[in-house]
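Me: I've got a structure open and I'd like to talk it through. Can we start with the sheet?
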Amino acid sequence: MEMTMTKRIYFDNAATTPLDPAVIETMTKVMQENFGNPSSIHADGRKSRTLIESARKIVANRLKCSVSEIFFTSCGTESNNTALKCAVRDLGVQRIISSPLEHHCILHTLDRLEKEGVQIDYCKIQPTGEVDYTDLEALLAADSKKTLVSLMHANNEVGTMNNIAKISTICAANSALFHTDTVQTIGFRNIDLTEIKVHFLTGSAHKFYGPKGIGFLYINGENQIKPFIDGGSQERNMRAGTENIYGICGLAKAMDLACEHMDERVAKIKELNIHARKQLSAAFEGLTFNGPATVEGGLEKVLNVNFPPSDKSDMLMLHIDIAGICASGGSACTSGSEVGSHVIAALSKAADKPVEGKPVRLSFSHKNTIEEIDYLVEKLKTVIG
Ligand SMILES: Cc1ncc(COP(=O)(O)O)c(C=O)c1O
């Protein structure tokens, strides 16, 4: 069916999501009615303070943890940096075990910590990108240094998921601390912290239809952490600075909505992923998928498609953009030089087979439609068919 596209099609929801209209409404109301400094003791200040604490309660209730364990930050990057650096500075961690598939905000922090004397070990991964649990156990058993395991819940480039319940059990059996980057799964998976023991966990509002510039860090109450930003007494003395009240209220509203509508949204996204896999496989010979082989193996919103190498596939991202479609390449450009994706490189190594071709990450939301996917496939056919 030929569609006339008057608007751009957005298949880049793992990069960021549009604001939910109900979140805009909540934030606008707070902006209009609550400018009091939450640290002021007068009525206007107390009103703002109440809004922040209500937001904290929403987040804590959704994760089934204590309100005193939730700290608002500026983003997922800050939350992840804080978790790793505080574990080393305040909890006596001398060694961190992670995986080569983590987001750069983890990998670059690990590089820095390694230069400062922390032992960093990377555990093996399976060809789909999922952690090799046997190797994780072996690494933990091989060294008695105080260790933090930092492993993401879902990978942002290929959608591979790790079993965080299993990792938590392995960590507990080896007296290791556990940090998990749940930036891609908050609002897309139920996370019950009464069932899974985690020491640090992170979230970022703009990945679940909330605003940019606001995230949170869960710190298990057992951990005695020192302030990560010095100054006033905000965020229980841990992170000084007048709170981003609009962002905090927007994050809580978005998280509440995402968790409330999770089942129907995920079901819709799964349907889109299955349809895209089917249509793309039928349209392009030799096309493969990086990461999980089926939708069941990963996070439904991410589909990393590998187009066979050809002259035409080189300009693929540009053509997709010109056709009005937002997607993401599997590689990043740094200082003008093409640097291949570290995730695809790690998958190639794990499979002992180089991934050849052009990786394109499509990432869906419940707002996308089957017609949009069909339009994408048609456009791709005209570019590389
Ligand atoms: C898995 C993962 N961790 C961390 C981040 C960083 O989050 P933020 O953009 O809020 O700094 C991202 C963002 O792409 C992500 O996908």
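Predicted model: local features only at pLDDT ≥ 70, side-chain atom pairs only at ≥ 80, totals over all residues.

Me: Okay. What order do the four strands of the open sheet come in?
Reply: The order is E9-E10-E15-E12. The pairing is antiparallel.

Me: Which strands stand at the edges?
Reply: Strand E9 (288-290) and strand E12 (328-329). Each has a single partner strand, so one side of each is left without a neighbour in the sheet.

Me: How many bridges link E12 and E15?
Reply: Two, in the antiparallel sense. Strand E15 covers residues 358-363. As for a bridge partner, Gly-329 has Val-360 in E15.

Me: Which helix packs on the sheet?
Reply: Helix H8, residues 262-283. H8 touches E9, E10 and E15. Strand E10 is 302-307, and the direction of H8 makes about 10 degrees with that of E10.

Me: How far does H8 reach from its first C-alpha to its last?
Reply: It reaches 31 Å, with 22 residues. That is close to the 32 Å expected at 1.5 Å a residue.

Me: Which residues of H8 are buried?
Reply: Among them are Met-262, Val-266, Ile-269, Leu-272 and Leu-280. The list also includes Arg-265, Asn-273, His-275 and Arg-277.

Me: New topic. How many disulfides are there?
Reply: The count comes to zero. Take Cys-259, which is in no disulfide. Its nearest cysteine sulfur belongs to Cys-65 and is 12 Å away. A disulfide needs the two sulfur atoms within 2.5 Å.

Me: Is Cys-259 buried or exposed?
Reply: Buried. Its relative accessibility is 16%, and the cut-off for buried is under 20%.

Me: What about phi of Glu-235?
Reply: Phi of Glu-235 is near 50 degrees, also a positive value in a residue other than glycine.

Me: Where is Glu-235 found?
Reply: In the loop between strand E8 (215-219) and H7.

Me: Buried or exposed, that Glu-235?
Reply: Glu-235 counts as buried, at 4% relative accessibility.

Note on methods:
Residues numbered from 1 in each chain as written. Heavy atoms only, no water. Pairing = 2+ DSSP bridges. Contact = heavy atoms within 4.5 Å. Axes fitted to C-alpha atoms, helices over the stretch in contact; angles between N-to-C directions. Expected span 1.5 Å × (residues − 1). Buried < 20%, exposed > 50% of the residue type's maximum accessible area, 1.4 Å probe, protein only.
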